[in-house]
Amino acid sequence: MAFGDYPAEYNPKVHGPYDPARYYGKADVPFGQVKLGELGSWFGRRNKTPSAIAGAVSRAWWRWQHKYVFPKRAGIAPFFQLTVASMTFFYLINYTKLKHHRNYKYH
C-alpha cells in the first residue's frame, strides 16, 4: 500500500463508499473488553508497522472530525479541545525551562 491508496482490505463492492474513519481489517475484541490474562496476546495481534500506526492516527483524526467538526450544528467543543491539547503540548515541551521558576518555601 502506497501513500494515498485505499487499504488492501477495502472492497468497494462489499463496503460501499470509502470512509476514512473506519477500519476495514479483520474485527477483533475491543480494548475495553480484553481481560488482563489476554492482554499480551491482544497486543501481539496488533500491527505495529509505521504505516499501521499512521493509519490508526488518521482514523482517530477522522472520527474526531466526524463527531465534533462536521455536524450541521457543531458547537464550540472542538475549539476548546484543540486549545487544551495545544496548552498541554506546549507545557510538556517547555517543562524543563518552567521547573526552574518554582517557588520554594525555605525554613
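Partly exposed, as used here, describes a residue whose relative accessible area falls between the buried class, under 20%, and the exposed class, over 50%. The structure is a predicted model. At 46% relative accessibility, Arg45 is therefore counted as partly exposed.

Arg45 takes part in a salt bridge. Its side chain meets that of Asp28, with 3.0 Å from N to O. Asp28 lies in the loop between α1 (12-15) and α2 (39-44), and Arg45 lies in the loop between α2 and α3 (50-69), so the contact ties together parts that are 17 residues apart in sequence. Asp28 is partly exposed as well, with a relative accessible area of 33%. Asp28 also forms a salt bridge with Arg46, where the closest N and O atoms are 2.2 Å apart. This second pair again links distant parts of the chain: Asp28 sits in the loop between α1 and α2, Arg46 in the loop between α2 and α3, and 18 residues separate them. Arg46 has a relative accessible area of 29% and is partly exposed. Through shared partners, the salt bridges join Asp28, Arg45 and Arg46 into one network. The count of salt bridges comes to 2. Side chains of opposite charge can pair when their charged atoms come close.

Tyr18 and Tyr24 form one that is stacked, at 5.6 Å centre to centre and with 25° between the planes. The two partners fall into separate accessibility classes: Tyr18 is partly exposed at 32%, whereas Tyr24 is buried at 7%. The rings of Trp64 and Tyr68 have their centres 6.3 Å apart and their planes at 45°, so this pair is tilted. Planes under 30 degrees apart would count as stacked, and planes over 60 as edge-to-face. Trp64 and Tyr68 are 4 residues apart in helix α3, which means that about one helical turn separates them. Tyr68 is partly exposed, with a relative accessible area of 26%. Tyr18 and Tyr24 also belong to an aromatic cluster, together with Tyr6 and Tyr10. A pair of aromatic rings is described by the distance of the centres and the angle of the planes.

The largest pocket has a volume of about 1,200 Å³. It is lined by 36 residues, and those closest to its centre are Tyr23, Ala52, Gly55, Ala56 and Arg59. Helix α3 gives the most to this lining, with 11 residues. By class, the lining of the largest pocket holds 20 nonpolar, 7 polar and 9 charged residues. Rolling a probe the size of a water molecule over the atoms shows where empty space is left.

Distances between C-alpha atoms place further residues. Ala21 is found in the loop between α1 and α2. With a relative accessible area of 8%, Ala21 is buried. Ala21 and Arg63 are 42 residues apart in sequence, and their C-alpha atoms are 5.2 Å apart in space. Lys13 lies in helix α1. Lys13 is exposed, with a relative accessible area of 82%. From Lys13 to Arg73 there are 60 residues in sequence and 32 Å in space, C-alpha to C-alpha.

The last part of the description concerns an annotated span. In the UniProt record, an unreviewed entry, residues 74-93 carry the annotation "transmembrane region". In the model, this span is 85% helix and 0% strand, and its end C-alpha atoms lie 31 Å apart. Thr83 has its place in helix α4 (residues 77-93). Thr83 is partly exposed, with a relative accessible area of 39%. Thr83 and Thr49 are 34 residues apart along the chain, and 30 Å separates their C-alpha atoms.

Conventions
Residues numbered from 1 in each chain as written. Predicted model: local features only at pLDDT ≥ 70, side-chain atom pairs only at ≥ 80, totals over all residues. Heavy atoms only, no water. Salt bridge = Lys/Arg side-chain N within 4 Å of Asp/Glu carboxyl O. Helix = DSSP H or I, 4+ residues; strand = E, 2+ residues; numbered from the N terminus. Buried < 20%, exposed > 50% of the residue type's maximum accessible area, 1.4 Å probe, protein only. UniProt positions renumbered as here; feature names shortened; annotations may be inferred. 1 Å grid on protein atoms, 1.4 Å probe; cavity = no way out; pocket = protein on both sides within 12 Å on 5 of 7 lines; lining within 4 Å. Points joined across faces, edges and corners; volume = space filled by probe spheres on them. Nonpolar A, V, L, I, M, F, W, Y, C, P; charged D, E, K, R; others polar. Phe/Tyr/Trp six-rings, centres within 6.5 Å; stacked < 30°, edge-to-face > 60°.
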